[in-house]
Amino acid sequence: MIKKVIATLLLILAIYWSFSALMPQKLSDIDADRNSFSTSRALVHLEAISKKPHYVGSEEHNVVKDYITKELQKLGLETQIQEDYDISRWGNLSKPKNILARIKGSDNSKALLLLSHYDSSPHSSFGASDAGSGVVTILEGLRAFLSEGEIPKNDIIVLITDSEELGLNGASLFVNKHPWAKDVGLVLNFEARGSGGPSYMLIETNGGNANLMKQFVEANPKFPVANSLAYSIYKMLPNDTDLTRFRVDGDIDGFNFAFIDDHYDYHTALDTYERLDRNTLEHQGSYLMPLLNYFSQANLNNVKSDEDYIYFNAPLVRTVIYPFSWIFPMLFLAVILFIGLIIYGKRKRKLHYREIVKGFIAFTSSLIVSGIISFVLWKYVIKTLYPHYKEMLHGFTYNGHTYIWAFVLFSAA
């Protein structure tokens, strides 16, 4: 009985650790070193640009544009506004006002581009997470980077796009009409589809990801959350970001960093300064700084590849990568080792075929039964008791995390 209790507690602890290890648990304060990212300093910018909805055409839209421009100028950067008409692939016409700046590097090679957008969703959003969080991550990250006083090898282009919410018009305008677009070797794009949770890294490339993943591991971000399976699913979904226009129109590769938890706040009046998870903003900063330091010095002519890598994050080891071609040899080896273990255990009289079969049936049955019961409870019991859940357009209840914990613990039991 004691062994069973210990095993259950260890299982629950492992589940908790797998979640808690995904994000920073301590926030950098306003007095952090000048050359390090400070979430508290970034929040000063966020509070300023998320006071009101600032969708394209609104009065506040110009206020936010001017604020971001002035903050870039305070960093000693010369800024420019790219303004022109653009028709998106969905057929909408708008006149974006992209904010641009450029840090000159020592080598005349490909440039690193930092990307986010400053327009809020026209529905009612205050744009704090989407994508004010990305804007302030870049502003604070640049401040910390420039405080070192070192000249990067590669040019660094800052692009805060406009009209992203209408149809990625700002990104399309830059990629197809701005002369700097041909200089870009890699893009780091900061986005949001919620107001909290870990920030997921998704690669966008027209070819293989091998070189990008090797460099990502070398850059060594402290809290990577990345999974090649997630990107395979992402490619099947009808979701685009500004980075899509770089990949499709310019054949330019890049990394997306976006958080998706609490997505009931997404594109609503709940996307406010107060509701943005501070640990999530810290997580975005933990990506930007090591990657900015690394790719500002790396050879950006060497990011393309024909080979794909499998990748995933794990506690302690951070990011695990290996070639896609290893999958079937590893599967074959695992099967051989498993069969060998069974034979060895049988010969040593430690394993018994009947007990193995019984254990397999119990384990498989528990998975199937817990899945069916959870589905029935949610679909036909909980939604019947609380019919208003069906009216939530985003499909996730405001107490959804409690339900997740309940179903996880039920399945573990």
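**Helix α6**

I looked up helix α6, residues 169–177, in this predicted model. I found 7 of its 9 residues buried, so the helix is largely enclosed by the rest of the structure. I listed the buried residues of α6: Asn169, Gly170, Ala171, Ser172, Leu173, Phe174 and Val175.

**Helix α7 and what covers it**

I went on to helix α7, residues 210–219, and found 7 of its 10 residues buried. This helix is mostly covered. I noted its buried residues as Ala210, Asn211, Leu212, Met213, Gln215, Phe216 and Ala219.

Which elements cover the buried residues of α7? I found strands β7 (184–192), β8 (196–204) and β9 (254–261) among them. Helix α10 (278–295) is also part of the cover. So are strands β10 (309–314) and β11 (318–323), both included in the cover.

**Backbone checks**

I stayed at the end of α7, which is followed by Asn220. Most residues other than glycine have a negative phi, and most peptide bonds are trans. I placed Asn220 in the loop between α7 and α8 (228–234). Asn220 is partly exposed, with a relative accessible area of 41%.

I looked up Arg318 for its backbone as well. Its phi is near 65°, again a positive value in a residue other than glycine. Arg318 sits in strand β11. That strand was already on my list of what covers the buried residues of α7. I noted a relative accessible area of 27% for Arg318, which makes the residue partly exposed.

I then checked a peptide bond. Asp130 and Ala131 are joined by a cis peptide bond, with omega about -5°. I placed Ala131 in helix α4.

**The nonpolar cores**

I turned to the largest nonpolar core and counted 61 residues in it. Which of them touch the most other members? I wrote down Leu72, Leu114, Leu188, Met201, Phe255 and Phe257. Helix α4, residues 128–146, gives this core its largest share, 8 residues. I also found a second, separate core of 16 residues. Leu100, Leu159, Phe246 and Ile252 are included in that second core. In soluble globular proteins, nonpolar side chains tend to be buried together.

I took Leu114 on its own and left out residues up to four places away in sequence.

**Ile382**

I looked up Ile382 in helix α12, residues 353–385. Is Ile382 buried or exposed? At 12% relative accessibility, Ile382 counts as buried, because the cut-off for buried is under 20%. Leaving aside neighbours within four places in sequence, I found Ile382 in contact with Leu377, Tyr389, Tyr403 and Phe407. I then took the distance from Ile382 to Gly105, C-alpha to C-alpha, and got 58 Å. The two residues are 277 residues apart in sequence.

**Lys346**

I found Lys346 in helix α11, residues 327–347. Lys346 is partly exposed, with a relative accessible area of 36%. I noted that it touches Leu351 and Tyr353, not counting residues up to four places away in sequence.

**The whole chain**

I finished with the totals. I counted 13 helices and 11 strands in the protein chain. Its radius of gyration is 24 Å, close to the 22 Å from the globule rule for 413 residues, so the chain is as compact as a globular protein of that length. I read the span of the C-alpha trace along its principal axes as about 75 × 50 × 45 Å.

How much of the protein chain is buried? I found that buried residues make up 46% of the 413 residues. I put the accessible surface at about 21,500 Å². Carbon and sulfur atoms account for 61% of that surface.

I looked at contacts between residues at least 6 apart in sequence, and 80% of them join residues at least 24 apart. For charge, I counted 40 positive and 43 negative side chains. The centres of the two sets lie 12 Å apart.

Terms used:
Residues are numbered from 1 along each chain as its sequence is written. This is a predicted model: local features need pLDDT of at least 70, side-chain atom pairs count only at pLDDT 80 or more; totals for chains, interfaces and linings use all residues. Side-chain values use heavy atoms; hydrogens and water are left out. Helices (H or I, at least four residues) and strands (E, at least two) are DSSP runs, numbered from the N terminus. The radius of gyration is taken over C-alpha atoms; the globule rule is 2.2 Å times the number of residues to the power 0.38. Buried means under 20% relative accessible area, exposed over 50%, partly exposed in between (1.4 Å probe, protein chains only). Contact means heavy atoms within 4.5 Å. Accessible areas come from the Shrake-Rupley method with a 1.4 Å probe; for residues, only the protein chains shown count as cover. Lys and Arg count as positive and Asp and Glu as negative; His and the chain ends are not counted. The place of a charge is taken as NZ of Lys, CZ of Arg, CG of Asp or CD of Glu. A nonpolar core is a set of buried Ala, Val, Leu, Ile, Met, Phe, Trp, Tyr and Cys residues joined through side-chain atoms within 4.5 Å.
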